Structures are given as structure tokens and as C-alpha cells.
Amino acid sequence: MATYFDVHPDNPQRRSLAQVVALLRDGGLIAYPTDSCYALGCALGNREGIDRVRQIRKLDDRHHFTLMCQDFAQLGQFVHLDNAVFRAVKAATPGSYTFILPASKEVPKRLLHPKKRTVGVRIPDHTVAQALLAELGEPLLSSTLLLPGQAEPMVSGWEIKEELDHVLDAVLDSGECGTVPTTVVDFSEGEPEIIRYGAGDATRFE
């Protein structure tokens, strides 16, 4: 059964966040809120967690996982950015964008796109997600919590606990989330290519 954590949206309880981080470091898989919609998350080196996300969402090996980063300094350790891309990405973060970029050697190979050697990265503009990342001290390997056959993600933590109680270790709830995933922009070739139109304003990359 998943442990349910009900935290304050503006001032999340440190004790609850510490318990969630302990679960993550012990190989746990969680559902947590972001500035777009709920996400599944596990620790970066959690091989089993990655497999569990793939099973829950029925993903193939071409799926881009996302490294949810606390800030730009952390993001820069895991991807390569030239000056122009650096400026474009920095201007749009934090926010509801996922950027596909060439991965650095810090990214475990199993997370990379098998042909492009790229990975998704993003910095959320969400108080609870930011507090969780600060407590964890490293990126959270993430994927949008959109189940097979669902048109939209679930918006509330209790609903997620009911549906996925048997496959998650924790649900972090701070109130309802949105239903629109991030806007995905591929910068792997240097020029922006919009892969998915979502919550972030895409016009700046068109």
C-alpha cells in the first residue's frame, strides 16, 4: 500500500518531505504534484523504479524520461547546452516545459534515448515539488502520471492513491493539479522543435 502524505501547498511540512525522501532513497516510487500535472518519480539510480514506471504507463524504450531538477545549476550537470540554447532554456525556467537535450556522462545510460543519447530535463515552478527536490538534493527521475487509456491525468492525490495503491510506495498530495502536461521542446539539434504543445507557452520557441 502507498503511504499518503497530505502536505500544505505553500509551506510543506519538512517532516513529511523527509519521509518521502527516505522512501525514494530506499528504492521507492512515488506520485507527486508539479506545476503541470501529477508525475511518477523515483531516485536517479533506481533501476527497478524505472521498470515500474514503464509497466504502469506501458512505455517502450524510446520514451524520454525526465530529470526533474531543482535549479539551473543542477540541470547543467546532466545535459550539454551551447550558449544560444542556454539562454533560451534559462529564460523559460522554472516553468511547465520539458527540454530534450544531449545528455552528459552523469546520466545513467538506461535513461537515454537509445539512438539520440538525449534526455528530458525540467525545472518545476511548484512549491511542493521544489521543496521535495531540495530535500532530496539531486534530480528526481520523472514521468507524467498518465495511465494507458486515460485521456487526461488524474488531478487529485486521493484519486491516485485509490487507483495505484498497489503499485506505488507513496502519494504526495498538496491539492489538485492541472491536467495539461508540459510543453516539450527538443533542442538536441540546436534549433527548437516543439514535440508536444502543453502547459507552457510554446510561442517563444516557434
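User: In this predicted model, which relative accessible areas count as buried, exposed or partly exposed?

Analyst: A residue is buried under 20% relative accessible area, exposed over 50%, and partly exposed in between.

User: Why is Lys116 called partly exposed?

Analyst: The relative accessible area of Lys116 is 40%.

User: Where is Lys116 found, and what is Lys116 in contact with beyond its neighbours within four places in sequence?

Analyst: The loop between β5 and β6 holds Lys116. Leaving those neighbours aside, its contacts are Asp186 and Ser188. Ser188 is 72 residues apart from Lys116 in sequence, yet their C-alpha atoms are 8.2 Å apart in space.

User: What makes α1 oblique to α5?

Analyst: The axes of α1 (residues 14-25) and α5 (residues 127-136) cross at roughly 60 degrees and come within 9 Å. Roughly parallel needs an angle under 35 degrees and roughly perpendicular one of 65 to 115, so this angle falls under oblique, which is why α1 is oblique to α5. The crossing is right-handed.

User: Which residues meet where α1 and α5 are in contact?

Analyst: Residues of α1 including Leu17, Val21 and Leu24 meet Ala131, Leu132, Glu135 and Leu136 of α5. By class, this contact has eight nonpolar, three charged and no polar residues.

User: Which residues have the most contacts inside the largest nonpolar core?

Analyst: They are Leu67, Phe99, Leu145, Ile160 and Leu168, within a core of 45 residues. Elements that each supply at least two residues of this core include β3, α2 and α6. Another core, of 18 residues, lies apart from it, with Val21 and Ile30 among them.

Notes
Residues numbered from 1 in each chain as written. Predicted model: local features only at pLDDT ≥ 70, side-chain atom pairs only at ≥ 80, totals over all residues. Heavy atoms only, no water. Axes fitted to C-alpha atoms, helices over the stretch in contact; angles between N-to-C directions. Helix = DSSP H or I, 4+ residues; strand = E, 2+ residues; numbered from the N terminus. Parallel < 35°, antiparallel > 145°, perpendicular 65-115°, else oblique. Left-handed = near helix turned anticlockwise from the far one by under 90°. Contact = heavy atoms within 4.5 Å. Nonpolar A, V, L, I, M, F, W, Y, C, P; charged D, E, K, R; others polar. Core = buried A, V, L, I, M, F, W, Y, C linked by side-chain atoms within 4.5 Å. Buried < 20%, exposed > 50% of the residue type's maximum accessible area, 1.4 Å probe, protein only.
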